[in-house]
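Biologist: I have not looked at this structure before. Please take me through it one question at a time.

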Amino acid sequence: YKEDIALFAEMGFKTYRMSIAWTRIFPNGDEETPNEKGLEFYENVFKECRKYGIEPLVTITHFDFPIHLIKEYGGWRNRKVIDFYKRLCTVIFTRYKGLVKYWLTFNEINILLHAPFMGAGIVFEEGENKNQVLYTAAHNELVASAWATKIGHEIDSENKIGCMLAAGKFYPLTSKPEDVWTALEKDRENYFFIDVQARGYYPAYAKKFFERENINIGITDEDEQILRENPVDFVSFSYYTTRCISAEADRLGEGNLLKTMRNPYIEVTDWGWGLDPLGFRTTINEIYDRYQKPLFVVENGLGAVDVPDADGYVEDDYRIEYLRDHIKAMKEAVELDGVELLGYTTWGPIDLVSAGTGEMKKRYGFIYVDRDNDGNGTLKRSKKKSFDWYKKVIASNGEDLD
């Protein structure tokens with residue numbers, strides 16, 4: 001990791017978003033005593049970042065979960081997991097006090113509705129009411145997130161604790177009122193989590209949904225209090241694309257974990273994701289209007305097939321164009337619309353396996369990694385054209401985008 005962090009520093013990174021693997025700290029998840037080697041590993045990583053003046057932005061749980069907690073407890077459907085998460089938070093907040101200030105409780109928390117195993121360690125049993133299980137797990141994560149905020153503030157008053165949403169506005173496919181209503185419902189499905197984390201209580205539409213669907217999430221008086229008293233300090237989110245929906249939802253097709261219909265007004269990537277920088281500005285404004293809290297864009301980037309030359313160099317003008325257009329839109333949200341933005345981190349600085357498709361060939365980085373879908377390759381790092389371009393962008397704080 002030292003060589004990689006040195007490359008980030010060469011680009012001029014002011015912050016580096018990374019994640020802690022729960023299993024490195026508590027291999028099974030329910031131990032009383034943490035794994036010292038795991039704690040030491042992350043301490044060294046954070047110190048390496050600090051050496052270059054890079055502020056770590058740390059996601060506590062990023063689509064990872066000890067398999068033991070799935071087999072033994074059924075994943076996040078079980079309230080006992082809240083206490084295991086609280087123990088994890090207490091340990092890492094204590095150990096990394098002074099090294100880490102910015103924290104995210106759960107990566108893309110709304111994804112648990114679309115990828116339950118990845119988002120919450122959920123394996124459905126035959127005949128189960130899936131909505132009951134999903135929203136019980138969601139409630140347990142939301143309560144755990146509020147506890148993390150409370151614990152983080154108590155251990156270090158300098159800590160800033162944020163939530164994290166897979167964002168991207170839903171457009172109605174037409175101006176037909178039913179399509180407009182469906183788009184509103186799909187947006188609410190995603191905002192539901194952040195409504196609770198940012199405001200501290202369940203919105204009326206969610207309570208009515210639970211009532212209609214006969215869902216009992218098991219909320220206690222203590223849950224309500226912990227949620228109410230510990231809203232997040234800021235709202236972070238990923239943005240790759242907007243989505244399109246109609247009342248005829250069975251026509252959904254393209255997209256990633258969040259399915260979408262084809263928007264005829266925008267171009268798409270090789271993976272069917274719409275290229276919509278103005279939608280980025282719209283999404284930023286909508287989130288800010290909704291919560292009135294500082295925002296942090298923590299994922300934005302283009303997944304593409306990169307073809308390197310013999311030296312590993314990739315002329316990725318398409319990635320530069322995508323990022324240029326989106327950074328311009330983000331600047332407009334700040335300078336013209338008055339949005340309070342803490343920062344911006346791309347996904348991702350270095351090539352890695354795509355969470356959505358499990359592919360290495362769907363690359364996002366400024367740094368090429370010699371590895372293919374079958375695991376072949378030397379892992380050698382090489383700078384793409386976008387490396388030097390982004391270095392210039394950082395140095396100018398986004399003013400020089402040419």
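Biologist: What percentage of the residues of the chain count as buried?

Modeller: This is a predicted model, in which local features need pLDDT of at least 70 and side-chain atom pairs count only at pLDDT 80 or more, while totals for chains, interfaces and linings use all residues. Residues are numbered from 1 along each chain as its sequence is written, and side-chain values use heavy atoms, with hydrogens and water left out. Buried means under 20% relative accessible area, exposed over 50%, and partly exposed in between, with a 1.4 Å probe and protein chains only. Of the 402 residues of the chain, the share that counts as buried is 55%.

Biologist: How many helices and strands are there in the chain?

Modeller: Both are DSSP runs numbered from the N terminus: helices are H or I with at least four residues, strands are E with at least two. By that rule the chain has 13 helices and 13 strands.

Biologist: Among contacts between residues at least 6 apart in sequence, what percentage join residues at least 24 apart?

Modeller: Contact means heavy atoms within 4.5 Å. Among contacts in the chain between residues at least 6 apart, the share joining residues at least 24 apart is 73%.

Biologist: Is Arg319 buried or exposed?

Modeller: Arg319 lies in helix H12, residues 317–335. Leaving aside neighbours within four places in sequence, Arg319 is in contact with several residues, including Leu302, Tyr364 and Ser386. Its relative accessible area is 1%, so Arg319 is buried.

Biologist: Which side chain does a polar contact of 3.2 Å join to that of Arg319?

Modeller: A polar contact is a pair of N or O atoms within 3.5 Å; within protein, one must be able to donate a hydrogen and the other to accept it, and residues adjacent in sequence count only if both atoms are side-chain atoms. At 3.2 Å, the partner of the Arg319 side chain is that of Asp306.

Biologist: How far apart in space are Phe63 and Phe117?

Modeller: Phe63 is in the loop between strand S2 (55–61) and helix H4 (67–73). Beyond four places in sequence, its contacts include Ile111 and Met118. Phe63 and Phe117 are 54 residues apart in sequence, and their C-alpha to C-alpha separation is 8.7 Å.

Biologist: Is Asn214 buried or exposed?

Modeller: Asn214 is in the loop between helix H9 (204–212) and helix H10 (221–229). Its phi is positive, about 55°, although Asn214 is not a glycine. With a relative accessible area of 66%, Asn214 is exposed.

Biologist: What is the relative accessibility of Leu379?

Modeller: Leu379 is in the loop between S12 and strand S13 (381–383). Its phi is also positive, near 70°. Leu379 counts as partly exposed, at 38%.
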